[in-house]
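Work through the exercises below with the sequence and model at hand. Try each task before reading its solution.

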Amino acid sequence: MTGVEVPLSGSTLVVGPSNVGKTRTTAIALDTWLDREGSDGVVVLDFAPELQRDGTVLGGRLDRFTTVPESVWVGRIDASAPRAESETADGAVALARENARRARRQMDALPANPRAVFVNDATIPFQHEAAAVDRLTAYCDGADAAVLNAFDSDELGVDDPVSRAERDALNRLRRWADRIVDLS
C-alpha cells in the first residue's frame, strides 16, 4: 500500500516513475469513493498496457489492485507500451497512434454527467497527439472528483516523438489538476 490518501473532490493527478504505486493509489481512491458514495455515476478509464520486462511488470490495470463493480462504467483498451514494445521510433509512433484510436472509441462512448472519474495511465492515449488530452480533462471537469495517474520519468526516453508527446500531455495534465501527488 502506498499510504497516500487522495482527496476525493476536484482533480488529482498522481505521478511518478514505473512501479511506485500510481495504479495502487488510484485503486485505493476508487475503493474509497465507492465505499463512501456508491457506484452511481462512476467512470473508470483504464488505458494501461501490461508488459513484462526483465521480470518486472510495467504498467498494469486497476483490477490488479481492486475489483471494479459491474455497476461502474468501465472503458478499457488493449494498449501497447510504444517505447518498450518497439525497436524503432516509427514503430513506437505507430503503436501510439493505435492506442489513440482505441482510446477515442472508448471516449466516444463515455456516459454523460459523471460524478467521479478514475483514469489509469492517463497519458497513454495522448502519446501520439498531446493536445487531445484536453478532451479528457474537459470530461473530468464535469465530475465532482477526478483521479488520474500518469507516468512521469525519463527512464523510457526523452527525445523521441512518443516521449515528447507524452511529456506535453503530462504538462497539460499538471496545469489542469487541482493537486498533484508525486510518488517519485
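## Exercise 1: a strand and its partners

Strand β2 (residues 42–46) and β6 run parallel, joined by 5 bridges. Helices (H or I, at least four residues) and strands (E, at least two) are DSSP runs, numbered from the N terminus. Strands pair if DSSP finds at least two bridges between them. This is a predicted model: local features need pLDDT of at least 70, side-chain atom pairs count only at pLDDT 80 or more, and totals for chains, interfaces and linings use all residues. Residues are numbered from 1 along each chain as its sequence is written, and side-chain values use heavy atoms, leaving out hydrogens and water.

**Solution.** Step two: turn to strand β7 (residues 145–151), which pairs with β6 in the parallel sense over 4 bridges. There F118 stands opposite V147.

## Exercise 2: burial

**Task.** Is strand β6 (residues 116–120) enclosed or open?

**Solution.** Buried means under 20% relative accessible area, exposed over 50%, partly exposed in between (1.4 Å probe, protein chains only). Check one side: A116, F118 and N120 are buried. Check the other: V117 and V119 are buried too. Because 5 of the 5 residues are buried, β6 is largely enclosed by the rest of the structure.

## Exercise 3: helix packing

**Task.** At roughly what angle do the axes of helix α4 (residues 133–141) and helix α5 (residues 161–176) cross?

**Solution.** The axes cross at roughly 25° and come within 10 Å. Axes are lines fitted to C-alpha atoms, for helices over the stretch in contact, and angles run from 0 to 180 degrees between N-to-C directions. Angles under 35 degrees count as roughly parallel, over 145 as roughly antiparallel, 65 to 115 as roughly perpendicular and the rest as oblique. Therefore α4 and α5 are roughly parallel.
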